[in-house]
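Today I went looking for charged pairs. Here are my notes, with the model to follow along.

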Amino acid sequence: MSAALNRLIDEQNTIWTRMQEIRQGLDDRDMTAEERANWDAAETRLTQVSADIERLQRDDSRQQIDRSQIVTATGRQDDDAQRGDAGEREQRYAEAFYGFIRRGLERLTPEQRELLAEGFGEVRAQGTVVDAAGGYLVPEGFRATMTETMVAFGGLMNVANVITTGTGQDLPWPTNDDTANKGRILAQNTQIVERPVTFGQRKLSAHTYTSDLVLVHLALLQDSVFDLESWLPGVLGTRIGRAVAEDLCVGTGIDEPEGVTVGGTVGKTGAVSATAVITYDDTVDLEHSVNSAYRGNARYVFADSMLKLLRKLKDADGRPIWQPIPAPGFPATINGFGYTVDDDMPDPAVSAKSIAFGDFKRGYIVRQVRDVQVMIMRERYADYLQVGFHGFARLDGRIDDAAAFRVFQHGAAS
């Protein structure tokens, strides 16, 4: 556990203790203005700290998964010499790539041009659309920055099953549901019964998401103080990430990903009302609409506007269903389940599908093509002393195991 994570956990416990002291001092009276101000400030900070803890824990988990995948795929760790050679080559490619962005192809050394040409050709070999104007494979660090930015804007992508492929061809995805079949006691001299397994198939595409054009003045590109390596992937990734995050939540599934609220099964419908309401009983019914086989890894996904409503709900004994610290070092929960805030989920509204609950690792799959590309338009805007950039990534999302999660839908207008 990192030192930063330990510090956040200590702060989380301190804030929670302070809030409990305020509550215990109330007896049966209402809070004073000063106590209310202290409580609100503590609660705001507690929410921020809990979110930071969750992000750091999620990052630690991703790093552990990445290391285990490397070991599994190779059967052993590469030796130090092999890693050094690969790392050095990646570094040289990155230097060539950023040199090309800042100064143009003609200012590169022959070796750097050769490296870029290999990157260009590799993308072609993988069947990815490349424009002759300059669709170059981006360096590893650039791609990682874009991916992290996309994740920051799409909370659902943190909890879904994300797979990465090297090419963008349609990817058939087999499915089956054998829950209706079960074994039985076999009597003597009795023939066994055939119970075939029925397989279905879904298809994952690779929709192209673009950042649209970003124009950068030539003076900035030539300024070594300007941190192009961080700024450019951040801008391109943010634009792509916003579009991806929205589609994973509410996409129609027609020429775009299938959003969880569109393809997901409604597990609970709220009462008919002129306004968007949700009750404690609604949350319990939604949880139990998901089979207990999935609830061990289940969590909520909703927008911050829904979290605001849920934090005000209390159970039958008058206890808030939102628990900011279920245990030291753990993020807040709803009814004991973790939650993910994704502001591309629908806001609470009449007839809106504003909550998804279940095991999203089993229920929703995101396919992304590893090779992010950046296209550079240097001559087109030369008379403005500007260079144009646009990035694009290829991605799709679909319901995988439809039984793994359910959706809450508000009632219709009265």
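I began with Asp-170, which is partly exposed at a relative accessible area of 44% (buried means under 20%, exposed over 50%, partly exposed in between, with a 1.4 Å probe and protein chains only). I was working on a predicted model, where local features need pLDDT of at least 70, side-chain atom pairs count only at pLDDT 80 or more, and totals for chains, interfaces and linings use all residues. Residues are numbered from 1 along each chain as its sequence is written, and side-chain values use heavy atoms, with hydrogens and water left out.

Which residue pairs with Asp-170? I found Lys-203, forming a salt bridge with closest N and O atoms 3.6 Å apart (a side-chain nitrogen of Lys or Arg within 4 Å of a carboxyl oxygen of Asp or Glu). Lys-203 lies in strand S4 (residues 199-204) and Asp-170 in the loop between strands S2 (161-165) and S3 (171-176), so the pair ties together parts 33 residues apart in sequence. Helices (H or I, at least four residues) and strands (E, at least two) are DSSP runs, numbered from the N terminus. I noted Lys-203 as partly exposed too, at 48%.

Next I looked up Lys-268, which forms a salt bridge with Asp-282 at 3.9 Å between the closest N and O atoms. Lys-268 sits in strand S7 (residues 266-269) and Asp-282 in helix H10 (residues 280-288). Asp-282 is buried, at 8%.

Last, I checked Glu-43 and Arg-311, whose closest N and O atoms are 2.7 Å apart in a salt bridge. This pair links distant parts of the chain, 268 residues apart.
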